[in-house]
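Please brief me on this two-chain model, working from the overall build down to single residues.

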Amino acid sequence: MVAVERELTETLPAVAAPVTADAIPLVLRRRGASVREVLAMTVVGIFALALFASRDLPSWVRGIGDERVVEWAETAAVKWDDAMESLGLVRPHEALRAWVSWALELKWSRDPR
Amino acid sequence: MLFPTLGFLLFFLVVAAAMAVLDTRFTAKKAVLVVASYYFYAQWDWRFCFLLAGSSLVSYLAGQLIDAAADQRRRQMILGIAVALHLGLLGAFKYFDFFISSANQLARLLGLEHELPFIEILLPVGISFFTFHGISYITDVYRGDVAVCRNPLDMLLYMSFFPQLVAGPIVRAAYFLPQLARPSAEPIPIGPALLLILVGLFKKVVIANYVATGLVDPVFSAPTSYGGPDLLLATYGYAVQIYCDFSAYSDMAIALAALLGFRFPANFNQPYRAQRLREFWQRWHISLSTWLRDYLYKPLGGNRQGRLKTYRNLLLTMLLGGLWHGAAWKFIAWGALHGGGLAVERMLEPWIGRRALSPIAKIVATLVVFHFVCLAWIFFRAEDFAMASLYIGGLASGWGGGLQQAGPFVVALIALGLAGQFTPDALFDRAATAFARVPSWGLGATAGIIVALINALGPDGVAPFIYFRF
């Protein structure tokens, strides 16, 4: 009780006015990369994404919307997906999708029927 | 063009390639970023590009004129005209039909037969954000807080920079324009930037999307069909959804700007852990709350003119903050609740304001603030004021049944979203530091694989970000 009372009578440090603080603090900005490394990272990232998300590539391509590009690109995306399937790279995607479908179907109690 | 789409990824690849090719040619880089930003904006409707350019021109000219003006009265007049032009543009596109509809309702109540016509114009995406950018620049030049921008290219880029163009954060001129004066000598913080993108993607694609489709959308569209438990859970769900949706956009905007060599201010800081409403506004949409504080609350007199005027200023600021979100009474109600809450908190300050809280009191305070914010979110999310009233009526009664709508998966996502409010900052810092040690190709591969996994976890397609409509 004494401890609580003591704590209640202490004053809070003044709340600092919200300043325009950098979202990425200085301490995390000390180590970094060049613009060329950013480009390299983007290219490698897109390639890795194309490898493991090939199942969705045809629908993403349709989402671009440019008629001239879409038809050709969609055919290429389907072929790419077939190639990834033959390599077994679509398995993580399908396993996760199956798990999410199962999780979404979960109910709080068993159906009495 | 949404961030988590193939179209945007390819767009960013082209921009990143241009930045790499131009390397040290800073002016050319800025020109490329302006062209890219206008291309990005044109994906919604190319006609809005003229609006954005017009808004930039007004800001640029007003800055020059204020700087050149000899006397204070003239400077004040130019500031007034420029701010009125910005607000006029915003009013015409965003609020005209709302005021016409309200005037017509009033006329009907008074028994008048004549009705004013609607103009039904499409709301340009991001108009609220770039209008605030423009006003912030002109006001800062007037106050002497920022040097006048002599380079039209810098002004065009400040107003249109694509990572923040359509949903913020609201970047102040005094913060961003100096970054355009000379190239940054700092390396690009690739580790934290990638981590922000991945965290943002998970929050948007997995948490916000499933909580919206699995619980919030169905419950809010027909609140009378659900009992108290579903209504309460959907309220918590919306609190998590809007946080995960909006903060995800901010995270990605901050990260994209960082990858292009620019710094952005923080926009969110675990808002639901706030123990006071005032603290909530220091953690939620920080760039808007500080904007409202500096360009509205303080010019109204802030807390310098006595207690009653402080309460009035808080209420007015939050009412206008509510109206900024949209032309509807439900947003005004949301703003009024927050303004009233802040005023009441200020009134109670002699009793609660300056004392440290015991651990239990801290938990109670956090819960009280969270539930107050949730109550206000009901108005924010409901279709209209009447639906919000029905929703709150349902919450006050009908607690007989259990949960009908949400399954364990959605509840787990809500819990995860709330748990994220209490993770220590050091966790992010440690992960970002670890990321920064990996070579860029390794980071690219890791990020590509994680994005693929997040995509597999999410539903098909990506819903637009909530704040696009503001």
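The notes below go from chains to contacts to single residues.

This is a predicted model, in which local features need pLDDT of at least 70, side-chain atom pairs count only at pLDDT 80 or more, and totals for chains, interfaces and linings use all residues. Residues are numbered from 1 along each chain as its sequence is written, while chains are lettered from A and ligands numbered from 1 in the order in which they are written.

**Chain B overall**
- Chain B has 20 helices and zero strands. Helices (H or I, at least four residues) and strands (E, at least two) are DSSP runs, numbered from the N terminus.
- The radius of gyration of chain B is 23 Å, which agrees with the value near 23 Å for a compact globule of 470 residues. The radius is taken over C-alpha atoms, and the globule rule is 2.2 Å times the number of residues to the power 0.38.
- Along the principal axes, the C-alpha atoms of chain B fill a box of roughly 70 × 60 × 50 Å.
- Of the 470 residues in chain B, 47% are buried. A residue is buried if 20 or more other C-beta atoms lie within 10 Å of its own, exposed if 12 or fewer, and partly exposed in between, with C-beta atoms placed from the backbone.
- Take the contacts in chain B between residues at least 6 apart in sequence: 76% join residues at least 24 apart. Two residues are in contact if their C-beta atoms, placed from the backbone, lie within 7 Å.

**Chain A overall**
- Chain A has six helices and zero strands.
- Buried residues account for 22% of its 113 residues.
- For contacts in chain A between residues at least 6 apart in sequence, 52% join residues at least 24 apart.

**Contact between the chains**
- Chain B supplies 58 residues and chain A supplies 51 residues.
- On the chain B side, the elements giving two or more residues are α1 (6-22), α9 (190-221), α10 (228-259), α12 (286-297), α18 (408-419), α19 (425-437) and α20 (440-457).
- α20(B) gives the most to this side, with 14 residues.
- By class, the chain B side has 37 nonpolar, 13 polar and eight charged residues. Ala, Val, Leu, Ile, Met, Phe, Trp, Tyr, Cys and Pro count as nonpolar, Asp, Glu, Lys and Arg as charged, and the others, Gly among them, as polar.

**Domains of chain B**
- Chain B is divided into domain 1 (15-181) and domain 2 (190-275 + 357-422). These bounds come from an automatic or database domain assignment.
- Their centres, taken over C-alpha atoms, are separated by 30 Å.
- Their contact takes ten residues from domain 1 and eleven residues from domain 2.
- On the domain 1 side, α7 (162-165) and α8 (173-181) of chain B give two or more residues.
- That domain 1 side has seven nonpolar, three polar and no charged residues.

**Helix packing in chain B**
- Helix α3 (residues 48-68) and helix α4 (residues 72-109) of chain B pack at about 170 degrees, with axes 9 Å apart. Axes are lines fitted to C-alpha atoms, for helices over the stretch in contact, and angles run from 0 to 180 degrees between N-to-C directions.
- α3(B) is therefore roughly antiparallel to α4(B). Angles under 35 degrees count as roughly parallel, over 145 as roughly antiparallel, 65 to 115 as roughly perpendicular and the rest as oblique.
- Residues in this contact include Val58(B), Leu65(B) and Ile66(B) of α3(B), and Ile78(B), Leu85(B) and Leu89(B) of α4(B).
- By class, the contact has nine nonpolar, two polar and one charged residues.
- The buried residues of α12(B) include Leu288(B), Trp291(B) and Tyr297(B). Their cover includes α5 (127-143), α11 (277-281) and α13 (307-325) of chain B.

**Single residues**
- Tyr311(B) lies in helix α13 of chain B. Tyr311(B) is partly exposed, with 18 other C-beta atoms within 10 Å.
- Not counting residues up to four places away in sequence, Tyr311(B) touches Ala343(B) and Arg346(B).
- Phe370(B) sits in helix α16 (residues 359-381) of chain B. Phe370(B) counts as buried, with 20 C-beta neighbours inside 10 Å.
- Most residues other than glycine have a negative phi.
- Gln270(B) has a positive phi of about 45 degrees, and is in the loop between α10 and α11 of chain B.
- His285(B) also has a positive phi, near 40 degrees, and is in the loop between α11 and α12 of chain B.
- Gln270(B) is partly exposed, with 16 C-beta neighbours inside 10 Å, whereas His285(B) is buried, with 22.
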